[in-house]
Each structure stands twice: as structure tokens, then as C-alpha cells.
Amino acid sequence: MAQTMTTEVDDGKVRNDRSKKDALLDARGLTKRFGDILANDRVDLIINKGEIHALLGENGAGKSTLVKMFYGSLDPDGGEIHWDGRQVEIDNPAAARDLGIGMVFQHFSLFEALNVVENIALALPNPGNMAELAKRIEVVSRDYGLPLNAYDVVADLPVGIRQRIEIVRCLLQEPRLIIMDEPTSVLTPQEADQLFLTLERLAGEGCAVLYISHRLEEVKRICHHATILRHGQVVRECDPTKETPASLASMMVGADVAAVSASAQKPQIGAVRLGLKGLSAKAATPFATALNSISLKLHAGEVVAIAGVAGNGQGELFDAISGEMPVASSMIEIDGKACGTKNVTWRRRQKAAFVPEERLGHGAVPGMKLSQNIVLTRHSTGDGLISGGMVSIQQASVMEKRIKQAFDVRVSHDDPEARSLSGGNLQKFVVGRELDRKPGVLVINQPTWGVDAGAAALIRQAVIDLARAGSAVLVISQDLDEIFEIADRIAVISRGYLSAAEPAADMTRERVGLLMAGGAEAQGEVA
Amino acid sequence: MRIELVKRKEHSQAMLLLSPLIAVALTALAAGIIFLISGHNPLIALYKFFIEPLTQQWSLEATIDKATPLILIGCGLAVCYLSNNWNIGAEGQFIFGALFGSALPILYPDFENVATLPLMLVFGALGGALWALIPAVLKTRFNTNEILTSLMLVYVASLLLDYLVRGPWRDPGGYNFPESRIFSDAATLPDVFGGLMSLSTPITIIIAIVLALVLAKTLKGFEIRVMGESPRAGSFAGFSAKRLTLFSFALAGALAGLAGTMEVSGGLNQLLPTISPGYGFTAIIVAFLGRLNPFGIIVAGFVLALSYIGGEAVQSAMGVSNKIASVIQGLLLFFVLACDTFILYRIRMVSRRVTAGETSHV
């Protein structure tokens, strides 16, 4: 997440003029810090009884952190929470449940081998008689329009029904506040409509709902009030029914910030180095996104950025380009050579380099030393790391020192395990490991995710310098500040569709926001 | 007070070495308590179990003889476990390898020349590898759980052995005893150092050393370790998880099969209904106690072999059931795995925070 834009003016901040007498949950000055990152910075939030309250923000804005403090899975570093007029400390999820706070998670915590009633019984403090519980489940679920068969085995149920189980599990505990984290991301439109009816009914009964979603249309449709987080701070509160999706998007991404120009140096555009031609792939798992006929030409000398909300196919696109997910041969070309079926090693030998989103466990092996992590991606790129099948530890440690120095990677002792580095330092190392090769094509997913401002600036500069030296760089990012800072052209990915890449100078945040909220999809379908 | 496990920033090198030692000490303590409860003097029993076998030449040799198959199987299993492939069926691969290796001297007893023994060893390794590839192929093709399939195949192999020695492979001149014919000299692994040990011990040590070098120095060894720790990073490095599953199972099976053949050809000299006192299962403990490192496995194999000899010693001297050996082996695995927690975690005592909320019963 970029923290370079700390000078923005809080002109959008609206004083909370809603009556406080109905306040159910009143958070004052909640602060949470993770290492160098201030995830929540003096957040004030009031949720009234019977209110569907939207919590909006880009990825990394601090929504999950805030919600976890309400649900007792994180301890705040500062600030206080008032519940029904009394100050409380929520030490753990059980304490949250006792207060009447229920949570429906984005990814379900259900045991597939068990049936509905067993799963629910496991989560209740006093489940009582199973047959009675089963009857209660069927009554309550039908009552709220989310009918369930108590004895269905979870493994046989579709995602929409699984979510019902989670919701009914919450309802059985008679919650006064339900927190929902992106509940519709796994639902069909019809299932979502059903859910909205249930939420409206709950609100009518006085239950409050804290609703986290990226789908601005549905926020506008069902939410009574919205709080917008950005870089860990509340930047705005509004009545979403009086806004448009575009205006909500611009509040999230901070359109009030003056756009930064791409780069002082004008790019010398050369030949196409990376070509995507009708790249399509089916979703591998229920949580994955299918790629739909993505086309893009990436030229030597330019930085193209792909914007988009998390989970819209960025990871799948990265895996397809890197070769971890094979596709049809003609769909991907590196320097004119079709390579959709080739593996990642073959592509690296074609002078392509890749930096995945997840540093630990994908870009680097957590329990291995940095020198060994160099072998991870450089073993077959002609760096003299392997001779006769043997790994040259000497050469690896020479390279480790060189990369540490060039990219200012700060470590506590010589050649530590990757897991011991801070996020920013590890990212500098992982990026440095690839840039050290002077790759012809660089694909980098979330280059400065969770990285402190200094490291982020260094990485962005290095990426621009690489492009200006004749390489082609594809940056996948959710950070619009970053995208406008470094990109020559910008495309937007939404639900696995990619909009046409347009010059950054012609792009506005509003337009990017609209493309994110489904415009890219419409464009992709037409194309 | 509450005890919390806090993740360390890096693996603790000290705990990596100390963990098996602490585990052995805790096992001895637990064994002492078991002896005490069953009405024996724990000190004498522990002495007879752990120390006395080391004081005599013959029992020392018997220990090394028993350690040999454990080390060889343990080395193969280490490759599986390092790469996150849970091969629990080494016992079956040991038996099937022994069957494959014995086919030659049993079916063609007249084939006696210098090629007999090498051919037997090759067949033995091949048989073990084939048996191990069954769960590996099932895992890579159909996503089955290799723990279950490899374990179940142990019983298939064991019943197959039982059928063969009672049926088609029974010694025609053996008075209907369930055993195969005695192997010819050409099919017998020569003894070394004039004692109880056969050539299998030096062969095993050499294989362990080579494997240690492969794991520590080569790209293949690197691949194995990366895949075990982080499969996603492994596939980012261009390694294929499926191919490595096949490779590690085949290697572990080959080494177990080789151990089986050497056991039959070196010590027993014939096939019997029971050719293994559970070597394939005990080798799992050996692999973990030895830190999945071939040098460590050599030491661990010796410690576990001691439990077989010690079990017999306390049975004959004190009348304790020799099942105590299995109990102690189980305790040892339990303590090793428990102590290994502290390689990546440390203990922190936390005083309970006073809660201001209305959460009295939480």
C-alpha cells in the first residue's frame, strides 16, 4: 500500500451528524499498528441499531483490521469501543459473541464431512439436544428466507447454501450486530437478492449489519450509511443512497489527490516484448476467477499497469503469464515466441522475470536463507549457480551480497532466513533478485503491497528505470496512487475481463473506478 | 498465568540438535515410569534396556545388524518427508522388494554365478520402487491420500508374502513348513568382520553418505527441500510437484526394497512368513529422530535398533513383555514431534489480562 500520499487534505471528512442515542457500537480512536505499518489510525465509527452500515475502502485500507478488533481476534493498540453505551474490551471471539456480535466470513469455516446441524452445534456454546437444534435451524432458516435442511452434508452443498449455514449459525445466537465480509463475492445475483431481503428484515428487527463489499452498486442499494477508509484512516462518511457508484469509487481511491505524472523521461517505445492474445482460462477452484479473452501488447520501454479490486483475476493472470498455470500455446508470446504451454524456467530463459504478490511462500521460501532463495528463481538463468547438478553456495552468496547492496536490503545478520525480514526488506530482495538479471520482460504483482514508503519509492524507481532501459514492464496493482505514479498505460481488470490499455495521461481516477466496478467487464464482452 | 507459543523469527539451530536428545531423555523417563507401574525396578530395567546391549560384542553387533535396514529405509523416507510426501508404507515396500529379490534364487535355484547377487539386489530395489509407485501414481493422477494408500498396501504385500511361502514358493523339501527353500551361496550376502553383520551394513552406510551429499549440495536436493517447505514457491521455481512425488516414492521404495532383499539374502537366507519385525514402521521414527538427515538417521537407526535388542533383554531377564519395545518406540516418536515444536516456537508465560467487558464466564 502506498504511503507516499500523506499530505492529502481531509476536505471530504463529514462530521457525523447522526443522532447518537441509537448507537449500538461506538468505536473511538481505534488504532492498530503492524510493525512499520499503521493499519488503523484513530478510527471513529458509530453503528446504530437497525442500520446496514457499509465499510468501504481499497484493499489494504484497514477494513479487515478494524473488523477483527470488533470481533475480538485482534487487540487494539489504542482507542476504545463502547457497546450499548458501556465501554467494553473484546478479548476474543467468544467475548464478541457474548456481546451479540456475529461474523460471517468471506471464506467459510465449515467442516465438509459434517452435516449442517453438526457444523452449527460446534459453533454454539450450549448446543443442547441435536434433534431440537435441527428443528430450530429449520424454523429459523425458513423464517428468514434462507431455508436449510439440517441433515444435509456440507460437502454436497453449493457455495450459496454454505453461506446460509454461516448466517443461520449467527442468527441462532440472536446477534445484535452481524459483520459480513464480502458476502456476495461468492453468490450468484439471485442468491445475492435473497440475502438482501434477509438483511433488510434483520435491520427491520433492530439488528445492525456492518457490511464490507467492493460492489458499490449493492452498497448503494441496501446500505443506510457508509464509512470510507483510506490508508487506515476514516476519510469520509456518507449516505450511499444519495451517491453514485462512481462517486463512491472516487471517495475510496481518493480522487481529490492531484494525479502524479507518469515519469519525467518520455518512454522510447519499441517492439512488442510480451503479447497476450485472447488469453482465457477456466476457474480452477470455486474461489478462483476465470480469465476471459484477455489481450494486451506490452512494448519495450513502457510500463503498463493493470488496476483492479482484489480477486478479479490478477493472481490467475500472473500465474498464466509466469507459466505456473499452462494455457494454450498461442495465448502468450514472449519476444514473438509462443509459450503458453512452456514452464516458468523456459520463460525465464527467454529473459522474462516474475515477482508474485505473495512474498513468503510464493516468491521466497520462508525457512530458507536468502542465498538459497536466490537459487529458487536463478538456478537455470546462466548465472553459474549450478554446475554439474551441484549448487554453488559461493556464487549464491556473492549474488546475495550484490543484491542486498544494490537494493538496500537491511538484515540483522549475514544471510538470514527469508521469514525474518520485514515486509519492505523482503520485497526489495525479491524484486532485486529479478532486476539483478536485467530481464527483458518483467511482470510484477502488487510491487509495494504492505511496504513502507521508502522501500516503495525505491522499488518504483527501479521498475521505471528498467523500462526506460528497453525492457517491458507489466505492473499489477490495487494501489491507484502507485499506478498513476509509474504507468505509461493503464488497463483495468474486472471479473477476469481486461479493459483496453489507455495512456495514463488520458485516464482519470473516476474512469478507473467505473471500469473497476464492472466497466471493464462490459468492454471485454463487447470486444 | 497462560502459556503461549510464540513463533521464532528463524529456526533455532540449537533446538534442532537438542530436540532429539530431549526426546530420548523424556522417553527414558516415561519408560521408567511404565516399568515402575508394572512392578519392576525402573533403574535396573532401564539399564538392561538401554545400556547392557552396548556392553557386549555380540549384542553390539546384533544392534548394528538391526540398525542397517532401519537406516536404509529411513534414508528413503527422509526424501519423501522432506518433499512433503507421506509414505507410511515402507514396510510393504520392504516386503515386496524382498519378494522380488528372492524370486531369482527361489524360482531358478540353479542360476548360480557372480551375477546372481547383484541381480537380486537390483530386482529387490525395482520391486520396492514399483510397490511404492502405486500410491504415488494414485496421488498424482487421482489426488488420493498417500498416507492411506501406502499404508493399506503394506497389508497387501504382507498377505502376498504369506500366500507365497505357504503356497507356490514353499520349500519342496521343507516338511510343509511355511518357508521357502534356503538360498544358495551365490545368492547369499557375505558376512563382514566375521560376525553377525553382512555386507548390507557397509552398503547402507555408503548409500547414506551419497544421499546426504545429494540432499545438501545438488539442485535435486534443493528441489526436494523447497517442495517440502513451500510447494507454491517450488512451482514458481519451475519444479514439478507431481514428478517429485513419483521420484521420492520410487527412491524410498527402492531403498526399502533393497533393504528387504539384503535382509533376506544376508541374515535369513530364505523367505519366511514374517521377515520384518516392523522395520518399515520403525524407520518412520528413525527418519524423524534423525532430523531427516542421513547422518542423523545413522545415529537414530542405532538408537531404535537398541530398542529391539533391549526389548528382548528385559523380556528374558525380567519377564517384561517385549511389546515394551513398541511402546518405547511410540513414545520416542511422540516426544520427538512434540520437542520439534520448539524449533520454530518458543514458550512465553503471559499473565491473564483483566477484562472489563461483561465476559465473566469466558
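1. His53(A) sits across from Leu210(A), a residue of β8(A). The strands involved are β3 (residues 52-56) and β8 (residues 208-212) of chain A, paired in the parallel sense over 4 bridges. Two strands count as paired if DSSP finds at least two bridges between them. Helices (H or I, at least four residues) and strands (E, at least two) are DSSP runs, numbered from the N terminus. This is a predicted model: local features need pLDDT of at least 70, side-chain atom pairs count only at pLDDT 80 or more, and totals for chains, interfaces and linings use all residues. Residues are numbered from 1 along each chain as its sequence is written, while chains are lettered from A and ligands numbered from 1 in the order in which they are written.

2. Axes are lines fitted to C-alpha atoms, for helices over the stretch in contact, and angles run from 0 to 180 degrees between N-to-C directions.

3. Contact means that the C-beta atoms of two residues, placed from the backbone, lie within 7 Å.

4. Chain A also holds an open sheet of 4 strands, ordered β2-β1-β4-β5, with antiparallel pairing. β2 (37-48) and β5 (86-88) of chain A are at the edges with a single partner strand each, so each has one side without a neighbour in the sheet. Neighbouring strands are turned by 25° against each other on average, direction ignored.

5. Within that sheet, β1 (residues 23-34) and β4 (residues 78-83) of chain A run antiparallel and are joined by 5 bridges. Thr31(A) has Gly78(A) in β4(A) as its bridge partner. Helix α1 (residues 63-70) of chain A lies across β1 and β2 of chain A, at about 120° to β1(A).

6. Now Phe407(A). The residue is in the loop between α12 (393-406) and α13 (423-435) of chain A. Phe407(A) is buried, with 21 other C-beta atoms within 10 Å. The cut-offs: buried is 20 or more other C-beta atoms within 10 Å, exposed is 12 or fewer, partly exposed lies in between, with C-beta atoms placed from the backbone. Neighbours within four places in sequence aside, Phe407(A) contacts Lys428(A), Phe429(A), Val431(A), Gly432(A) and Leu458(A).

7. Chain B has 13 helices and 2 strands. Its radius of gyration, 23 Å over C-alpha atoms, is close to the 21 Å of the globule rule for 362 residues, so chain B is as compact as a globular protein of that length. That rule is 2.2 Å times the number of residues to the power 0.38. Buried residues make up 48% of chain B.

8. At the interface, 22 residues of chain B contact 35 residues of chain A. On the chain B side, α8 (219-229) and α9 (231-236) each supply at least two residues. α8(B) gives the largest share, 5 residues.
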